[in-house]
Amino acid sequence: MIWPVMSAEYRPAVPADALTIAVVVDNEVTRRGVAAVVQQVPEVRLRAGPDGADVVIASPRALSRADSLLGHDDGRQHKLLVLLDEPDQVDIVRWLTPDGYLLATDLTPESLHRTLTQVADGQLVVPTELSRHLLRLATGRTRRDRVRAPVLTARERETLALLAEGLSNRQIGRRLGVSEHGAKRLVGNIMTKLDSPNRTLAVAIALRERLIQAEPA
């Protein structure tokens, strides 16, 4: 990918309460390129390291070397966006529960701004190309895996539909009238029944098994 060169005249003013972003990438060229994109997003401040950052953008390799960046929804202080060079890299980090994904090939100040807005709203952000890859991954499971469709309770189906909307555990809890812990337990049950390591693949499997219907484009 050819990273954009930030022009001197396009350096937006950064308010004191701006969202702080840390870029943790093992490749220096890629890190500088992502940092240049971050600096072109309005109301965002680039931070030297992940400590104290609101959002961390990290590559799979960097994540494998830094335990402090990992954790579940309620276990880390920052939002986590995983930066992928290609969609199939998601297979390496299927065990993660990030707040969203970024594809380096599609990364622009505009797309990053949209992603940060969605993440701040509690949505799980998955680029379209990555969604297609996950659907292919779910469809490619063995025939033995498909013999018996998972049986979900009515409450779990409600939860699954909200997962497909990209809602966080807290938002799901509010919609269902249960606690965040209760929502987390429902999500965990769904992932176990669908034999899925993360929420994104769980939705892909649910679409394949027609447990939920895809929203019309």
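Residues are numbered from 1 along each chain as its sequence is written, and side-chain values use heavy atoms, with hydrogens and water left out. As the model is a predicted one, local features need pLDDT of at least 70 and side-chain atom pairs count only at pLDDT 80 or more, while totals for chains, interfaces and linings use all residues.

## Confidence and overall fold

The predictor's confidence in each residue is given as pLDDT, from 0 to 100. The protein chain has a mean pLDDT of 79, and 78% of its residues reach 70 or more. Residues 2–16 have pLDDT below 50, and this stretch has 26 contacts in the model beyond near neighbours in sequence; a contact means heavy atoms within 4.5 Å. Residues 71–75 also stay under 50, with seven contacts beyond four places in sequence.

The protein chain contains nine helices and five strands. These elements are DSSP runs numbered from the N terminus: helices are H or I with at least four residues, strands are E with at least two. Along the sequence, their order is β-α-β-β-α-β-β-α-α-α-α-α-α-α. Of the 217 residues, 46% count as buried, where buried means under 20% relative accessible area, exposed over 50%, and partly exposed in between (1.4 Å probe, protein chains only). Among contacts with a separation of 6 or more, 65% join residues 24 or more positions apart.

## A strand pair and a helix

Strand β4 (residues 79–84) pairs with β5 in the parallel sense over four bridges; two strands pair if DSSP finds at least two bridges between them. Leu 83 has Leu 102 as its bridge partner in β5. From strand β5 (residues 100–103), Gly 100 and Leu 102 point one way, Tyr 101 and Leu 103 point the other way, and all are buried.

Helix α7 (residues 169–176) has Asn 169, Gln 171, Ile 172, Gly 173 and Leu 176 as its buried residues. They pack against α6, α8 (180–193) and α9. After α7 comes Gly 177, with a positive phi near 75 degrees. Ser 168 lies in the loop between α6 and α7. Not counting residues up to four places away in sequence, Ser 168 touches Gly 122 and Arg 199.

## The largest pocket

The largest pocket has a volume of about 680 Å³. On a 1 Å grid over the protein atoms alone, a pocket is an open set of points with protein on both sides within 12 Å along at least five of seven lines, and lining residues have an atom within 4 Å of a point. Its volume is the space filled by probe spheres set on the points, which are joined across faces, edges and corners.

The lining has 25 residues, and Ser 131, Ala 164, Glu 165, Val 203 and Leu 207 lie nearest the centre. Two or more lining residues come from each of α4 (128–139), α6 (154–164) and α9 (199–208). The largest share, five residues, comes from α9. By type, the lining has 15 nonpolar, seven polar and three charged residues. Here Ala, Val, Leu, Ile, Met, Phe, Trp, Tyr, Cys and Pro count as nonpolar, Asp, Glu, Lys and Arg as charged, and the others, Gly among them, as polar.

Leu 135 is found in helix α4 and is partly exposed, with a relative accessible area of 35%. Leu 135 touches Ala 204 and Leu 207, not counting residues up to four places away in sequence.

## Two C-alpha separations

| Residue pair | Apart along the chain | C-alpha separation |
|---|---|---|
| Ser 168 and Lys 184 | 16 residues | 9.1 Å |
| Leu 135 and Leu 201 | 66 residues | 7.8 Å |

Note on methods
1 Å grid on protein atoms, 1.4 Å probe; cavity = no way out; pocket = protein on both sides within 12 Å on 5 of 7 lines; lining within 4 Å.
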